[in-house]
Amino acid sequence: AVVSTQSTGSSRSTETWGSRPVKVYFNSQEDAQTTIRNAKSLKHSKEFGRVFIAPDRSLEERIQRRKLVQQLRDKRQKEPEKHHYISKGEVCSTEHYSENVNNCNARSDADFEHLNSVLAAQFRQIGDSFSQKFDASMSRLDAKMSRLDAKIAGTKI
């Protein structure tokens, strides 16, 4: 949840850029990270398509980010047939949007084992829930069948 907001930059920046940046303060770090992680979906919105969300960065981080963005622009100019993007502090490239050339997001075996164990636990929970619901449904069906058998036989249970 948003705690507060604060306009930044000078009022003269609106003449040049059109609007002033706003600093948003969240209730928790998790809320901020979720918002930043989902910010890319704003570009598909008619209402918020021109909104840009970025994390608060120190001066050193802003300098490093500028260098990465410049590297990204250079790569895009040199290799326009590829898709280039920044991930985890690196400029990455793919032949096509789905085929990763420079695998910046490569995971270790330990990452896959952890992911597999998390997914297995989630599937077990889903399976247990399904089994309980299935068993309850089967019990109700058995009871209905018993009543139907009794009705056919002419006796009441």
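Reply: E79, K82 and E95 are linked in a network of salt bridges. A salt bridge here is a side-chain nitrogen of Lys or Arg within 4 Å of a carboxyl oxygen of Asp or Glu. The model is predicted, so local features need pLDDT of at least 70, side-chain atom pairs count only at pLDDT 80 or more, and totals for chains, interfaces and linings use all residues. Residues are numbered from 1 along each chain as its sequence is written, and side-chain values use heavy atoms, with hydrogens and water left out.

Take the two links in turn. E79 and K82 meet through their side chains at 3.8 Å, N to O. E95 and K82 meet at 3.6 Å, N to O. E95 sits in the loop between β4 and α4 (109-153), and K82 in the loop between α3 and β3 (83-87), so this pair ties together parts that are 13 residues apart in sequence. Helices (H or I, at least four residues) and strands (E, at least two) are DSSP runs, numbered from the N terminus.

E79 is partly exposed at 25% relative accessibility. K82 is partly exposed at 22%, and E95 is partly exposed at 33%. The cut-offs are under 20% relative accessible area for buried, over 50% for exposed, and partly exposed in between (1.4 Å probe, protein chains only).

Strand β4 (residues 90-94) holds S93. S93 is buried, with a relative accessible area of 2%. Its side chain makes a polar contact with the side chain of H84 at 2.7 Å. A second polar contact, of 3.3 Å, joins the side chains of S93 and K75. A polar contact is a pair of N or O atoms within 3.5 Å; within protein, one must be able to donate a hydrogen and the other to accept it, and residues adjacent in sequence count only if both atoms are side-chain atoms.

The structure holds 3 salt bridges. One of them joins K23 and D56, with the closest N and O atoms 3.4 Å apart. K23 lies in strand β2 (residues 22-26) and D56 in the loop between α2 (29-38) and α3 (59-78), so the pair ties together parts that are 33 residues apart in sequence. K23 is partly exposed at 32%, whereas D56 is exposed at 63%.

Finally, the chain. It has 4 helices and 4 strands, in the order β-α-β-α-α-β-β-α. Of its 157 residues, 10% count as buried.
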